[in-house]
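Here is a short report for a reader new to this structure.

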Amino acid sequence: MSIGCRLLYVTMLLASGLVMLPSHAVALSEELLLIVHPSVEHQRITRNTARAVFAMRQRTWPDGQAIHVVVMPNGHPTHERFTKEILGVYPHQLQLSWDRLVFSGTGQAPDQVSTPRSMLERIATTPGAVGYIERGYVDERVQVVPMD
């Protein structure tokens, strides 16, 4: 079967509803945003600063407020996209930095949530919190921080 025929066949199956894409396949096309609690007074953030924050090396915001990092599990598609596309590192690299802090007794791993809704709720209710989420989940309880 030619590529054109296969493409037509798959398109027809999708249109008929006989084949469905996994629910996370739709979310993959949504833009990922860095979100913070409204108490955070940050206008923009650089990729290097975001890496330092999520690697738990930067522990306070410029105004002195403690940073509370919130992430999704390593295997979660949103976490994988965030680390690769936004931070420019692999999930296992972040995990290694967190493990080093925990095992050396010099720091803690970030808080972990399992769903976008729980991410939104945790950021909205934790002063100084920072996390990431797809654009479709953002509401007025958090603020989006653009990245340079």
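## Strand pairing in the sheet

Val36 has Val130, in β4, as its bridge partner. The strands β1 and β4 run antiparallel, and five bridges join them. The model is a predicted one.

Which order do the strands follow? The sheet is open, has five strands and reads β3-β2-β4-β1-β5. The pairing is mixed. β3 (111-112) and β5 stand at the edges. Each has a single partner strand, so one side of each lacks a neighbour in the sheet.

## A helix on the sheet

Helix α6 covers residues 116-125 and packs on the sheet. The helix touches β1, β2 (68-71), β3 and β4. The direction of α6 makes about 150° with that of β4.

Side chains of opposite charge can pair when their charged atoms come close. How many salt bridges does a search of the whole structure find? The search finds six.

One of them joins the side chains of Arg135 and Glu31, at 2.6 Å from N to O. This pair links distant parts of the chain, 104 residues apart. Arg135 sits in the loop between β4 (129-134) and β5 (143-144). Glu31 sits in the loop between α2 (23-27) and β1 (32-36). Arg135 is partly exposed, with a relative accessible area of 47%. Glu31 is partly exposed too, at 43%.

The side chains of Arg44 and Asp148 also meet in a salt bridge, at 2.6 Å from N to O. Arg44 lies in the loop between β1 and α3 (47-54), and Asp148 in the segment after β5, so this pair ties together parts 104 residues apart in sequence. Arg44 is partly exposed, with a relative accessible area of 45%. Asp148 is exposed, at 54%.

## A pair within one helix

Arg81 and Glu85 form a salt bridge through their side chains, at 3.3 Å from N to O. Both belong to helix α4 (residues 77-87). They are four residues apart, so about one helical turn separates them.

Is Arg81 buried or exposed? Arg81 is buried, because its relative accessible area of 12% is under the 20% cut-off. Glu85 is partly exposed, with 44% relative accessibility.

Glu121, Asp139 and Arg141 form one network of salt bridges that share partners.

Technical notes:
Residues are numbered from 1 along each chain as its sequence is written. This is a predicted model: local features need pLDDT of at least 70, side-chain atom pairs count only at pLDDT 80 or more; totals for chains, interfaces and linings use all residues. Side-chain values use heavy atoms; hydrogens and water are left out. A salt bridge is a side-chain nitrogen of Lys or Arg within 4 Å of a carboxyl oxygen of Asp or Glu. Helices (H or I, at least four residues) and strands (E, at least two) are DSSP runs, numbered from the N terminus. Buried means under 20% relative accessible area, exposed over 50%, partly exposed in between (1.4 Å probe, protein chains only). Two strands pair if DSSP finds at least two bridges between them. Contact means heavy atoms within 4.5 Å. Axes are lines fitted to C-alpha atoms, for helices over the stretch in contact, and angles run from 0 to 180 degrees between N-to-C directions.
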